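Welcome! Here is a friendly walk through one structure, told as questions and answers. Take a look first, and then we will talk about the words used to describe it.

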Amino acid sequence: MSPEPAPARPREAAPAAEPGPAARGTTRDTARDTARDTARDTAPWSLCAGCRSVVWSKRLARSHGVCPECGHHGRLTADQRLALLLDPGSAEPLDISAPNGDPLGFVDVKPYRQRLREARDATGLAEAVVCVRGRIDGVPLVAAVMDFRFLGGSLGGAVGDLIAQAADASLRERVPLLIVSASGGARMQEGPISLMQLAKTAAALGDLDKAGILTVSLVTDPTFGGVAASFATLCDVVIAEPGARLGLAGPRVIEQTVGERLPKGFQTAEFLLERGMIDMVRDRAALRGTLARLLAAGARRPHSVDAGASADTRIRDVTALAERDPWAAVRAARGLDRPTTLDYFDRILDFFVELRGDRCSGDCPAVVGGVGGLGGMPLVVIGHQKGHTPAELSARNFGMPRPAGYRKAARLLRLAEKLGLPVLTLIDTPGAYPGREAEEQGQAVAIAENLRLMAGLSVPIVSVVTGEGGSGGALALGVADQVLICSNAVYSVISPEGCAAILWRDAKAAPAAARALHLDARSLLRLGVVDAVIPEPEAGFRHTDDVAARRVQGAVQAALRELIDLGGERIVERRWRRLRSHQARPRDEHRARSDGDGDGDGGDDDERIG
């Protein structure tokens, strides 16, 4: 390896710009940034804008603009971004164009037409966005990539037209759309015309929603104003680079307008992730792999479950199950050694990309979910998450979701419906969190909306009760076409302790309450509340071995094979029948399965129940 040359007057790498009310950086700032970027590309050394370290420019280029000392993600041009993300040689410019004149005859210290001319000369671009078709890991897509060098990536009429036309191409070709944003906001020099681009681009993404086409937004620094309030945040999945700032108004505008002092890290990707506004933060080196997995899951194609899957482990005959003390089942279901939802995802899925946040109020750690693959079939997965240690349990709120958790689940369920993906839910919760804040945020409403949503989805849903199935907090993830339960799990309208305190007026009567509630797997199968039981070893499932994963995987794959080829209308009708079959019949009339043809829909195919 040749030695690095001695530093000589390093050039400063592009810092993060502070946007103004609409599009700061669209005048002299942009020309200065362009000149600085050009100098940085030719200077042997660069100065990191994050930590002020001197970095060899070639080393910075090899890391795609990421400082090796502090990890600061510098700006990339549109061409550099495409080279980073797309398969080599796959980028093909879309044959589209848009009027990019001066609708207002705008003049400030210089005419707008002159600014446009200077931006084109400095960048070699026609506008602030580059639109291509290409591939990522072989999966075709359309990409619209913004370039901050062109008038601060501002959103004018031409940019809005090009984004909308890129969405049209995605719709015609029925391939996913990727939008990479970098913008100070709406282009002030086009006045109300620039404002209208927010609605235009939002409508274009709405067309892709109706058509069931995946949309992905990659937020880079900075993304503000009208771009943040339209296409950058409307996509199915929103990814952000570390430190990228996203918001309607920049911190300086907020502080100067309302006099509010803002916390450190305000509007950064990490700040927004904690508050449920974006799905994930990804280092630049990991972006391509993450996008490849998302695109593979979102590409609409016929789905099938690997025929060589694990053996079907479901027990449907109640007489094949030994009777068990319900209170012993309760204690087993609560064991800290049992696998958690993330344990199952890690062991049974081909891949898993977690999607976080409800996009309005927060990200509840007691519910996890995203897209994954099972036996070669893409699907949406959701589950309650507990933990194995006191610290993990506390961090996950003991598996008790707040409203944001149920709303995150609802967002993922709607994504499954849009993309035509089956759903797997894993249930393990004492119940919904009963705190004051949860009630103030609409806990009951969030649960009720999930019940209605799941009842009407036209994609297959399989639910597995892996531990505790606590009341409505469990059912909010459990309205399914097939409901399975592990043999040491429980499912109940209330905890035995709660029931004992209310009806026996003595919490010590919990064992008697457990027996009365018939919450064990065998009783639930007899009542028709669950469709099958997944047998556990005598010692129960442990997160440290593969037995649980193999048995749950086999049961889920078998269930999906029975459901995957049914049409949407029939799936909804069968689910409706299943729900209507839950009736307060006399005890001796209950059967292990409450359907007449053995297909799990709660009745004969030629007879409506209820």
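Q: Why does Ile502 count as exposed?
A: Exposed means over 50% relative accessible area, buried means under 20%, and partly exposed is in between, with a 1.4 Å probe and protein chains only. Ile502 has 55% relative accessibility, so it counts as exposed. Ile502 lies in helix H19 (residues 496–504); helices (H or I, at least four residues) and strands (E, at least two) are DSSP runs numbered from the N terminus.

Q: Where do these values come from, and what should I keep in mind?
A: This is a predicted model, in which local features need pLDDT of at least 70 and side-chain atom pairs count only at pLDDT 80 or more, while totals for chains, interfaces and linings use all residues. Residues are numbered from 1 along each chain as its sequence is written, and side-chain values use heavy atoms, with hydrogens and water left out.

Q: What makes a patch of Ile502, Leu503 and Trp504?
A: Patches are made of residues with over 30% relative accessible area and no salt bridge, where nonpolar side chains (Val, Leu, Ile, Met, Phe, Trp, Tyr) are joined within 5 Å and like charges within 9 Å. Ile502, Leu503 and Trp504 form a nonpolar patch on the surface, and together they have about 340 Å² of accessible area.

Q: How many helices and strands does the protein have, and how much of it is buried?
A: There are 23 helices and 19 strands. Of the 610 residues, 56% are buried.

Q: Why is H5 called roughly parallel to H6?
A: Helix H5 (residues 157–173) and helix H6 (residues 191–211) pack at an angle of about 5°, and their axes are 8 Å apart. Angles under 35 degrees count as roughly parallel, over 145 as roughly antiparallel, 65 to 115 as roughly perpendicular and the rest as oblique, so H5 is roughly parallel to H6. Residues of H5 that meet H6 include Gly157, Gly160 and Ala164.

Q: Is Thr77 buried or exposed?
A: Thr77 has a relative accessible area of 15%, so it is buried. Thr77 sits in the loop between helix H2 (57–62) and helix H3 (78–85). Leaving aside neighbours within four places in sequence, Thr77 is in contact (heavy atoms within 4.5 Å) with Asp147 and Arg149.

Q: What makes the pairing of Arg284 with Glu241 a salt bridge?
A: A salt bridge is a side-chain nitrogen of Lys or Arg within 4 Å of a carboxyl oxygen of Asp or Glu. In Arg284 and Glu241, the closest N and O atoms are 2.8 Å apart. The pair links distant parts of the chain, 43 residues apart, with Arg284 in helix H11 (residues 284–298) and Glu241 in the loop between strand S9 (237–240) and strand S10 (246–247).

Q: How do you know whether Arg284 and Glu241 are buried or exposed?
A: Arg284 has 3% relative accessibility, so it counts as buried. Glu241 is buried as well, because its relative accessible area is 2%.

Q: Which side chain meets Arg515 in a salt bridge?
A: That of Asp325, at 4.0 Å from N to O.

Terms used. Accessible areas come from the Shrake-Rupley method with a 1.4 Å probe; for residues, only the protein chains shown count as cover. Axes are lines fitted to C-alpha atoms, for helices over the stretch in contact, and angles run from 0 to 180 degrees between N-to-C directions.
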